[in-house]
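Dear colleague,

Please find below the structure that I am handing over to you. My notes on what was found in it follow.

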Amino acid sequence: MSDTHKGYRGRALDTLQQYNMRVWSDSVVETTRGVFEGIILPRSINDDDKHIVIKLITGYNVGIDIDTITKITERGYKEAHYKIPEKEFPYTEGFPKVKLFGTGGTIASRLDYRTGAVIPAFSPGELYGAVPELASICNLETEKLFAVFSENMGPEQYKILATSIGEEIKKGVDGIMIGHGTDTMHYTSAALSYMLQDLPVPVVMVGSQRSSDRPSSDAALNLMHTAYTAGYSDIAEVLVCMFGPTSDEFGLLHQGTRVRKMHSSYRSTFRTIGDTPIARVTRSSVTPIKTNYNKRRNDKNVTVKPYFEEKVSMIYYYPNMQPDIVDALVDNGYKGIVIVGTGLGHVNKPLYPALKRACDKGVQVFMTVQTLWGFVHMFVYDTGRDLMSLGIIPGENMLPETAFCKLGWALGQTTDHEEVKKIMLTPIANDITLGEPYNGYIVLQGGIPEVEDFLKKYHK
């Protein structure tokens, strides 16, 4: 395959050759569906041979069906270089010292046109080259601990990350930033909320829903919001900082144990569940929503507990679930199970013998709810009472992912049943609350009159 036709094959390659076109041509593509102007991009080696891909002047990529093409004209040639430019990050006397740990993800990334995938790219110079505004907020040091997507983060990475954060805090850093992929960020934020006790400075996780090469990327603004929070906020908690509304108005700071990714592509994907966010943040201010949070201190003291038992599982209950799923976990030596039950915390009766066997063998079994909002209430119906009699423990209003991380953390310290139960049911970092605020449960359901009135009034 010619180097001028990178990734193209079959009929798509024939089409490019028919019009004497090449990859990186600045082109006008006339089709039966309209005229498209932009740069012809390479194709992924795994893609079909029925489309030509161009980057429009808006910055977005579009695939054009070759059967609709009537003419292609080259206006020029401009090979694109998607490597993030590097510049030395400047030091400013008097600015707070912030440490950014990189784990991978879209927050610092580029597009790999060989596969069409977003791949991590992280260094101090790249970060400053991509978001120079960071230099007007803080003195930033970076360290790449991992270069993985968030689905590959797990207990091993949690422990290394917690230990590294503890070491930086003891050196006197004013705040910590963690660049992380969004898909499992709420797992990591929960794990760190348990592994890092009594923090003196903010520890703020940040990611982005859209890669840096896209015009709608949220990476830069999320990084600026996070840098300001880490450097100046008095909220010494493990936080997740992401877009608040879908627009660029402000970011939200969510507590690490009460946050969850709630949309696959919206920039405002993260939501505090069963509570309100801790604060709103802009590039120059943090406005508290809550007042009962751990405050920043001037000391360097932090308790690091990097423990996690990997033989812990989470079961999302569904109708007609069979007991062999539970039996398999027990037979494979799992020490803890978090059930994500229906309603107030229920599963079907065929699971009862397997769950009793699990509890009798010393497996720690806790119940959470699929509704996400609300508490486990297992005293209300016979099902719940029967499950508790088997040894299953209600998990209050812990989110399922939070309970999973907390159980792994607890079992990493002890296997004593009563001690594990005590750890699990003792509130830490607001993972269990006395109640849920009236405005903690809000779903903006389109078409509802009061919601439409609100949107028209405040979002014109």
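A residue is called buried when its relative accessible area is under 20%, exposed when it is over 50%, and partly exposed in between, using a 1.4 Å probe and the protein chains only. By that definition, Ser189 is buried, with a relative accessible area of 0%.

Please note that this is a predicted model, in which local features need pLDDT of at least 70 and side-chain atom pairs count only at pLDDT 80 or more, while totals for chains, interfaces and linings use all residues. Residues are numbered from 1 along each chain as its sequence is written, and side-chain values use heavy atoms, with hydrogens and water left out.

Overall picture

The protein has 11 helices and 23 strands; these are DSSP runs numbered from the N terminus, helices being H or I with at least four residues and strands E with at least two. Of its 460 residues, 52% count as buried. Contact means heavy atoms within 4.5 Å. Among contacts between residues at least 6 apart in sequence, 71% join residues at least 24 apart.

Leaving aside neighbours within four places in sequence, Ser189 is in contact with Met205, Val238, Val240, Gly256 and Val259.

The four-stranded sheet

A further open sheet has 4 strands in the order S20-S21-S22-S23, with parallel pairing. Its edges are S20 and strand S23 (393–394), each with a single partner strand, so one side of each is left without a neighbour in the sheet. Strand S20 (residues 312–316) pairs with S21 in the parallel sense over 5 bridges. Met314 stands opposite Val338 in S21, and the bridge partner of Tyr316 in S21 is Val340.

Strand S21 (residues 336–341) is mostly covered, with 6 of its 6 residues buried. Gly336, Val338 and Val340 point one way from S21, Ile337, Ile339 and Gly341 point the other way, and all are buried.

Helix H9 and the cysteines

Helix H9 (residues 400–411) has 12 residues and reaches 16 Å from its first C-alpha to its last, close to the 16 Å expected at 1.5 Å a residue; the expected span is 1.5 Å times one less than the number of residues. Because 12 of the 12 residues of H9 are buried, the helix is largely enclosed by the rest of the structure. Among them are Phe404, Cys405 and Trp409.

A search of the whole structure finds 0 disulfides, a disulfide being a pair of cysteine sulfur atoms within 2.5 Å. Cys138 is buried, with a relative accessible area of 0%, and Cys241 is buried with a relative accessible area of 0%.

With kind regards

Note on methods:
Pairing = 2+ DSSP bridges.
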